[in-house]
Amino acid sequence: MTDRPRTVALLGGGVIGGGWAARFALNGVDVRLYDPAPEAERLVDEVLSNARRALRRLTLAPLPAEGAVTLAAAVEEAVDGVDFVQESAPEREGLKRDLLAAASRAAPRDAVIATSTSGLLPTRLQADMAHPERFTVGHPFNPVYLLPLVELCGGELTAGETLERAAAVYRSVGMRPLTLRREIDAFVADRLLEALWREALWLVAEDIATVEEVDDAIRFGAGLRWACMGPFLTYRIAGGTAGMKHFMAQFGPTLKLPWTKLMDVPELTRELLDTIVAQSEAQADGRDVRELERLRDDCLVSMIQGLRTHDYAAGAVLGDYERSLFAAAPATRDGPDEAPLRLYATVVAPEWIDYNGHAHESRYLQVFGDTTDALLRHIGVDLDAGSSYFTVESHLSHLGQARAGDRLRTTTQVLGHDAKRLHVFHSLYRTDDDALIATAEQMLLHVDTTTDRASAADPALLERIERIARAHADLPRPERAGRAIGIPQ
Ligand SMILES: NC(=O)c1ccc[n+]([C@@H]2O[C@H](COP(=O)([O-])OP(=O)(O)OC[C@H]3O[C@@H](n4cnc5c(N)ncnc54)[C@H](O)[C@@H]3O)[C@@H](O)[C@H]2O)c1
């Protein structure tokens, strides 16, 4: 996390600039944003609130405290003293060149300056800059706060070190940089997307498919596959046991058939534009863009989390990112042992609320599970060394209600332990009035995760637990500890 800048300057706060603001701020980076549009602040706030919602669903890893987003009145004010600048102004070469030149004169000499351009050549964009060697393309994908890919492409004057520094910054906020080997218009991803987009427009222009049918053709088939396999691995698999050689022999010749209209663009007549707009509106079915973004984000979150279970593609990026967040979370284990321990705090998210207007009962177990995770980090459980504790029994008591927006905190008391077992009692409080709203008594079993069998914890871990148990020895035994469920006769 050391590559994470303290403050970044963003030039342009539209769809992409707003997404960058969210990506950086939610990763603990302060953002100074310059955008001359009067409604920029409101739009960025809207993107930020969708992004917070998406990230809360994506990961339970401890994100750093949110960075501040402040508006700057001029380019010079935005870039003053920052380590990193990301330009996301409209895709017009002249405008970008002027903006980048102004930023380069005012920013610190060694600040990396990146552009979000979708396809303009970096050699041309850096032409008027002071110290153009610290300039690179950093082309992201919408929504920037969820999709990990960012394409890097240097121009003729870009230093190799700039590409490495920019990649490290993007990695530090959970992204997956892809550095181009050579400068080309539109880079790699937009070359591919443009080819598909041209064909899609032809299919609608010639009334072969509606916009909905084109979308269906992707989302029910190839789109699902691309998220994990990409085109080459897809076709390697399609070649069967004989592999790519067989695939190319079978389908290579079809490339010569006149299937594609790739270099012809359908004329964007009034009639075609009206058709596309009308069909797209019908497809949106009255949902506004923020609502559609939330639907898109929820689906992306589910897909990325699904891929994480396979430690593959975007899911592997999420897994690495979460591990780095856990590693960077402030270590609590070196301080004195509180009695009881206070290791976890959270806020009741709107989606926790059920039809009764309070948090669904499953969320209490989630909060206690997160508290147990915090305890395991506190005592120094090393997952990489094959050591973990699994919860083998939980006893929840529900004593009060939690509503959306309530701040919650938990405490943890160690009730007992031996070489393999750890007996704990968690209490959940509403922070604002200190009301006790739930408790959980749990038995945890030490497991060797290389064999998935119960095993004795190593002596260093037992020593840590012993220290905490000594600090907790004088605490009164919680009233609800050891209770069984039943109707007294
Ligand atoms: N939309 C996408 O899917 C996408 C994806 C990747 C990259 N990009 C690239 O990102 C950049 C921004 O695209 P967008 O979709 O966010 O556009 P947008 O129109 O939503 O936002 C552009 C913003 O720049 C502001 N602006 C105008 N002049 C400015 C100036 N002189 N200084 C600072 N800000 C100024 C505008 O007020 C606006 O808020 C473009 O280069 C685009 O190619 C877009």
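Is Tyr-235 buried, exposed or partly exposed? Tyr-235 is partly exposed, with a relative accessible area of 38%; here buried means under 20% relative accessible area, exposed means over 50%, and partly exposed is in between (1.4 Å probe, protein chains only). What you're looking at is a predicted model, where local features need pLDDT of at least 70 and side-chain atom pairs count only at pLDDT 80 or more, while totals for chains, interfaces and linings use all residues. Residues are numbered from 1 along each chain as its sequence is written, and side-chain values use heavy atoms, with hydrogens and water left out.

**The overall layout**

- The chain splits into domain 1 (7-188), domain 2 (190-308) and domain 3 (330-472), with bounds that come from an automatic or database domain assignment.
- Between the C-alpha centres of domain 1 and domain 3 there are 39 Å.

**Aromatic rings**

- Rings of Phe, Tyr and Trp (its six-membered ring) pair if their centres lie within 6.5 Å; planes under 30 degrees apart count as stacked, over 60 as edge-to-face and the rest as tilted.
- By this rule the model has 6 aromatic pairs.
- Tyr-235 and Phe-247 make a stacked pair, 4.6 Å centre to centre with 15° between the planes.
- Tyr-235 sits in helix α8 (residues 211-238) and Phe-247 in helix α9 (residues 243-251), so this pair ties together parts that are 12 residues apart in sequence. Helices (H or I, at least four residues) and strands (E, at least two) are DSSP runs, numbered from the N terminus.
- Phe-247 is buried, at a relative accessible area of 9%.
- Phe-247 also pairs with Phe-251, this time tilted: 4.8 Å centre to centre and 40° between the planes.
- Both Phe-247 and Phe-251 belong to helix α9, 4 residues apart, or about one turn of the helix.
- Phe-251 is partly exposed, with a relative accessible area of 36%.
- Elsewhere, ring pairs link up Trp-20, Phe-24, Phe-84 and Tyr-170 as a cluster.
- Arg-409 lies over the face of Tyr-429, 4.5 Å from the ring centre. The rule for a charge over a ring is that NZ of Lys or CZ of Arg is within 6 Å of the ring centre and within 35 degrees of the ring normal.

**The nonpolar cores**

- In soluble globular proteins, nonpolar side chains tend to be buried together.
- A nonpolar core is a set of buried Ala, Val, Leu, Ile, Met, Phe, Trp, Tyr and Cys residues joined through side-chain atoms within 4.5 Å.
- The largest one has 40 residues, and Leu-10, Trp-20, Phe-24, Val-31, Phe-84 and Tyr-170 touch the most other members.
- Helix α2 (residues 40-58) supplies the largest share of this core, 7 residues.
- At least three residues of this core come from each of domain 1 (7-188) and domain 2 (190-308).
- Leaving out residues up to four places away in sequence, Phe-84 touches several residues, including Pro-5, Phe-24, Val-112 and Tyr-170. Contact here means heavy atoms within 4.5 Å.
- Another core, of 20 residues, lies apart from the largest one, and Leu-99, Leu-100, Ala-103 and Leu-120 are among its members.

**A closer look at His-139**

- His-139 is part of strand β6 (residues 135-140).
- His-139 counts as buried, at 3% relative accessibility.
- Among the residues His-139 touches, not counting those up to four places away in sequence, are Thr-115, Glu-151, Phe-187 and Asp-190.
- The side chains of His-139 and Asp-190 are joined by a polar contact of 3.2 Å. A polar contact is a pair of N or O atoms within 3.5 Å; within protein, one must be able to donate a hydrogen and the other to accept it, and residues adjacent in sequence count only if both atoms are side-chain atoms.

- The peptide bond from Asn-142 to Pro-143 is cis, with omega near 5°, and Pro-143 is in the loop between β6 and β7 (149-153).
- A cis bond also runs from Ala-339 to Pro-340, with omega near -5°; Pro-340 is in the loop between α12 (313-328) and β9 (341-347).
- Asp-207 isn't a glycine, yet has a positive phi of about 60°.
- You'll find Asp-207 in the loop between α7 (189-205) and α8, and Asp-207 is exposed, with a relative accessible area of 65%.
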